[in-house]
Amino acid sequence: MKRLILPAAVLALLACGNRPKPAVPAGDKTVSTVLTLTAATFPAVKAQGKPVLVDFWAPWCGPCRTQGPIVEDVAQGLGDKAVVAKVNVDDERELASQFGVQAIPTLVVLKDGKVVQRFVGVQSADVLTTALTAAAN
């Protein structure tokens with residue numbers, strides 16, 4: 001049986017689990033189009049004339065992790081027709097409180113800074129896109 005001899009640097013990487021990440025193919029879209037909101041950035045976003053979808057979430061929440069990629073799809077599908085954002089309720093408790101968030105994920109659709117629709121629990125991309133399209137009209 002042949003023994004494989006690896007350089008010490010490679011062995012160190014393998015031992016600590018820091019394996020090099022594979023290169024991302026040029027066609028892949030890896031940049032998020034979902035804004036991360038804070039109490040400081042929220043007023044400027046809600047003041048825009050476009051409808052805004054805000055996803056209130058937390059990293060430890062299983063349903064929120066399911067909702068995240070759906071929100072990404074909605075943002076990519078709508079492009080610049082709407083603003084899609086997320087708020088980490090652990091980091092922005094005051095902002096979550098302003099919207100009366102008691103369960104997550106909570107998704108809120110705003111138009112001209114006012115809540116026009118609210119969802120609690122995981123929602124499909126179709127439901128969210130329809131809500132944003134209705135808010136735009």
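Let's start with how helices α3 and α5 cross: the crossing is right-handed. Keep in mind, everyone, that we are looking at a predicted model. Which residues make the contact? From α3 come Gln67, Ile70, Val71, Val74 and Leu78, and from α5 come Ala125, Leu128, Thr129 and Leu132. If you sort that contact by class, you get 7 nonpolar residues, 2 polar ones and no charged ones.

Now, the geometry. Helix α3 covers residues 62-78 and helix α5 covers residues 125-136. Their axes are 9 Å apart, and the two helices pack at an angle of about 45°. Angles from 65 to 115 degrees would count as roughly perpendicular and those under 35 as roughly parallel, so α3 and α5 are oblique to each other.

Next, please find the sheet. In what order do its strands sit? Reading across, the order is β1-β3-β2-β4-β5. This is an open sheet of 5 strands, and the pairing is mixed. As a bit of background, strands of a sheet pair through backbone hydrogen bonds, and they can do so in a parallel or an antiparallel way. At the edges here we have β1, residues 35-36, and β5, residues 114-120, each pairing on one side only.

Strand β4, residues 106-111, pairs with β5 in the antiparallel sense, over 6 bridges.

Finally, let's bring helix and sheet together. Where does α3 lie? It lies across β2 (52-57), β3 (83-88) and β4. Relative to β2, helix α3 runs at about 165°.

Technical notes:
Residues numbered from 1 in each chain as written. Predicted model: local features only at pLDDT ≥ 70, side-chain atom pairs only at ≥ 80, totals over all residues. Heavy atoms only, no water. Axes fitted to C-alpha atoms, helices over the stretch in contact; angles between N-to-C directions. Helix = DSSP H or I, 4+ residues; strand = E, 2+ residues; numbered from the N terminus. Parallel < 35°, antiparallel > 145°, perpendicular 65-115°, else oblique. Left-handed = near helix turned anticlockwise from the far one by under 90°. Contact = heavy atoms within 4.5 Å. Nonpolar A, V, L, I, M, F, W, Y, C, P; charged D, E, K, R; others polar. Pairing = 2+ DSSP bridges.
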